Amino acid sequence: MGKGRLEAFSDGVIAIIITIMVLELRVPHGTDLAALRPLLPVFLSYVLSFVFVGIYWNNHHHLMHAVQKVNGNILWANLYLLFWLSVVPFVTSWMGENHFSATPVAVYGVVLLMNAVAFTLLTRVLIAHHGKDSTLAVALGRDRKGKASLMLYAAAVPLALAEPRIALAIYVLVAMIWFVPDRRIEDRIAE
């Protein structure tokens, strides 16, 4: 079956996720810049999550551009990814409202890890459906970036309980690794 409905549905869900996150930003009580200071953790957690959701949208777009068709397994794997993405607004708000306390930062990391697991699962199901010689399979290769992200998230979660700032630095590092769009797929399609 075609991939158009999957792409449209995914784009819609991701747009709603971003909308929910921005609606969590509350207007400060006060008219001077000092009134913004207590909102800084909430805003910073929003920015980090916006970047992560944007990275997933961007890379999801690249995945779908590299494939021609989908099947039931792909639809379910995609829904699994969308489920974990839909949890991001909750953990974002919890982490920001609690000023990056250990447990919310750790749970945020669990959600980031599960998003990475879900994205990896989606890529594997897509490759299984399109073949090991497909554009996507060749472009991703051994997917070192994806594996490194999984390992970094897995390390960050227990670290968050001891020192949340270290975990947050790891989350930012993973975002930086993925911030530049993954050119592997674009380059492979251009060939």
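Helices (H or I, at least four residues) and strands (E, at least two) are DSSP runs, numbered from the N terminus.

## Basis of the model

This is a predicted model, with pLDDT of at least 70 needed for local features and 80 or more for side-chain atom pairs, while totals for chains, interfaces and linings use all residues. Residues are numbered from 1 along each chain as its sequence is written, and side-chain values use heavy atoms, with hydrogens and water left out.

Two packed helices are described by the angle between their axes and the distance between the axes. Axes here are lines fitted to C-alpha atoms, for helices over the stretch in contact, and angles run from 0 to 180 degrees between N-to-C directions.

Helix α2 covers residues 40–65 and packs against α4 at an angle of about 5°. Their axes are 12 Å apart. The two helices are therefore roughly parallel to each other. That word applies to angles under 35 degrees; over 145 is roughly antiparallel, 65 to 115 roughly perpendicular, and the rest oblique.

Contact means heavy atoms within 4.5 Å. On the α2 side, L48, S49, F52, Y56, N59, H60, L63 and M64 take part. On the α4 side, the partners are Y108, L112, N115, A116, F119, L122, T123 and L126. By class, the contact of α2 with α4 has 11 nonpolar, five polar and no charged residues. Ala, Val, Leu, Ile, Met, Phe, Trp, Tyr, Cys and Pro count as nonpolar; Asp, Glu, Lys and Arg count as charged; the others, Gly among them, count as polar.

## Buried residues in the two helices

Buried means under 20% relative accessible area, exposed over 50%, and partly exposed in between (1.4 Å probe, protein chains only). L48 lies in α2 and counts as buried, at 12% relative accessibility. Leaving aside neighbours within four places in sequence, L48 is in contact with Y108, Y171 and V172. Its C-alpha atom is 11 Å from that of L173, 125 residues apart along the chain.

Y108 sits in α4 and is buried, at 1% relative accessibility. Beyond four places in sequence, Y108 is in contact with L48, S49, F52, V91, T92, M95 and Y171. The C-alpha atoms of Y108 and K69, 39 residues apart along the chain, are separated by 33 Å.

G109 is in helix α4. It is buried, with a relative accessible area of 0%. Neighbours within four places in sequence aside, G109 is in contact with V157 and Y171.

Not counting residues up to four places away in sequence, N115 touches Y56, L81, W84, L85 and V88. From N115 to S49, 66 residues apart along the chain, the C-alpha separation is 12 Å.

## Cavities

Rolling a probe the size of a water molecule over the atoms shows where empty space is left. On a 1 Å grid over the protein atoms alone, a cavity is a set of points where a 1.4 Å probe fits but cannot get out; a pocket is an open set with protein on both sides within 12 Å along at least five of seven lines; lining residues have an atom within 4 Å of a point. Grid points are joined across faces, edges and corners, and a volume is the space filled by probe spheres set on the points.

The structure holds three cavities of 30 Å³ or more. The largest cavity has a volume of about 160 Å³. It is lined by 13 residues, of which Y56, A116, F119, S149 and W178 lie nearest its centre. α2, α4, α6 (144–162) and α7 (164–179) each supply at least two lining residues. The largest share, four residues, comes from α2. By class, the lining has eight nonpolar, four polar and one charged.

## The largest pocket

About 190 Å³ of space lies in the largest pocket. Its lining is T123, R124, I127, K132, A137, L140, G141, R142, D143 and K147. α4 gives the most, with three residues. The lining divides into three nonpolar, two polar and five charged residues.

H99 is in the loop between α3 (72–97) and α4. Its phi is positive, about 50°, although H99 is not a glycine. F100 lies in the loop between α3 and α4. F100 has a positive phi of about 60° and is not a glycine.
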